[in-house]
Amino acid sequence: MMGNHTTVSTFLLWGFSSFPDLQNLLFVMLFFSHVTILAANVSIMVAIKLSHNLHTPMYFLLSGLSFSETCTTMVVIPRMLVDLLSDSKTISLPECATQMFFFFGFAGNNCFIMAAMSYDRYTAIHNPLHYPILMTHKICLQLMMASSATGIVVSLCIVLIVFNLSFCDSSIIQHFFCDITPVASLACDYSLFQKVIILAFSSFVLVGTFILIMISYVFIVFTVVKMPSARGRYKAFSTCSSHLTVVCIHYGFAGFVYLRPKESDSFREDMLMAGTYTVLTPLLNPIVYSLRNKEMQIALGKVLDHVSRFFLQTVSKGALNTS
């Protein structure tokens, strides 16, 4: 329920309007980035679905992460593309609240899935004999559902706090989507109390899941160091390298945007970093997992082979029908 004293009914997403000469270039870059993100993440999901040797907890969680990241970008990038071509960059209060809710719901889900993936790697390395019992399909599904539910609850709490504020001054959001601080800073009654509560929720998601991931990796390191075989140590570390790379990229950008102290003149810097967080991270994740994982490379190769065959067959049938 929105605050009773709200007088602003629409916002203006200022976004990249401060770069008028770059609008067309930004549109082209974002469009091809978005298509690549969709193609790469869908390819990973399809490859995992079609390859029976990838029907393991690690790849089940990876498929969930790919789906969640695809949804995260779908919440933001299409709107960015429309705004880059449109003179009117307005967004209504309910639309803004909806965008914020879904974006942070999926973003929180990403963090909790990555924490679940680190636990999966720890279980596989520390208890390889009991791994099939400890990480069943049911447990993986429960972890995914818990990640989604927690992300939704945290996002809902943040949205309720932000949109129960009174917006009665400027309606210009210094961002390309309805991010927390740029929206909340427009309110007349945005107090230290609300800032602390929002920071607590953000820290719960980012710092909380990061601590869980680091704890898993500390135990992984202790387990791997005790392995007598150098080949076994290399294999164990190699199974974690892709996930650890993605974690560093994800939490590095997200922590910079949402955990550091905010100043009113830092919105442009935050906006540029958020652009990296919302576009570059989902683009790099499938690349990292495919480049550093031979099983995924083989599965993706099969998917591309099937797609190319289907395309060639379609073109051949079309040519025969026209002749």
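In which helix do arginine 79 and aspartate 83 both lie, and how many residues apart are they? Both lie in helix 2, four residues apart, about one turn of the helix. The model is predicted: local features need pLDDT of at least 70, side-chain atom pairs count only at pLDDT 80 or more, and totals for chains, interfaces and linings use all residues. Residues are numbered from 1 along each chain as its sequence is written, and side-chain values use heavy atoms, with hydrogens and water left out. Helices (H or I, at least four residues) and strands (E, at least two) are DSSP runs, numbered from the N terminus.

Arginine 79 and aspartate 83 form a salt bridge, with the closest N and O atoms 3.3 Å apart. A salt bridge here is a side-chain nitrogen of Lys or Arg within 4 Å of a carboxyl oxygen of Asp or Glu. The count by this rule is two. Arginine 79 is partly exposed, at 22% relative accessible area. Aspartate 83 is buried, at 7% relative accessibility. Buried means under 20% relative accessible area, exposed over 50%, and partly exposed in between (1.4 Å probe, protein chains only). Aspartate 120 also forms a salt bridge, with arginine 121; the closest N and O atoms are 3.0 Å apart. Both aspartate 120 and arginine 121 are buried.

The whole structure holds one disulfide, defined as a pair of cysteine sulfur atoms within 2.5 Å. Cysteine 96 and cysteine 178 form the disulfide, with sulfur atoms 2.0 Å apart. The link is left-handed, with -125° about the S-S bond. Cysteine 96 lies in helix 3 and cysteine 178 in the loop between strand 3 (172-173) and helix 6, so the pair ties together parts that are 82 residues apart in sequence. Cysteine 96 is buried, at 0% relative accessibility. Cysteine 178 is buried as well, with a relative accessible area of 0%. Cysteine 157 is in no disulfide; the nearest cysteine sulfur, that of cysteine 111, is 16 Å away. Cysteine 157 is partly exposed, at 26%. For cysteine 248, the closest cysteine sulfur is in cysteine 240, 12 Å away and too far for a bond. Cysteine 248 is exposed, with a relative accessible area of 53%.

Helix 5 (residues 137-162) has 26 residues. Its expected span is 1.5 Å times one less than its number of residues. That gives 38 Å, and the end C-alpha atoms are 38 Å apart, which agrees. Buried residues of helix 5 include Cys140, Met144, Ser147, Gly151 and Val154. Their cover includes helix 2 (57-85), helix 3 (93-126), helix 6 (180-184) and helix 7 (192-225).

Phenylalanine 219 is in helix 7. It is partly exposed, at 43% relative accessibility. Phe219 belongs to a nonpolar surface patch with Val207, Ile211, Leu212, Ile215, Val218 and Phe222, with about 630 Å² of accessible area together. Patches are made of residues with over 30% relative accessible area and no salt bridge; like charges are joined within 9 Å, and nonpolar side chains (Val, Leu, Ile, Met, Phe, Trp, Tyr) within 5 Å. Accessible areas come from the Shrake-Rupley method with a 1.4 Å probe; for residues, only the protein chains shown count as cover.

Threonine 281 is in helix 9 (residues 267-291). It is buried, at 1% relative accessibility. Beyond its neighbours within four places in sequence, threonine 281 is in contact with Glu69, Ile249, His250, Phe253 and Thr276. Contact means heavy atoms within 4.5 Å.
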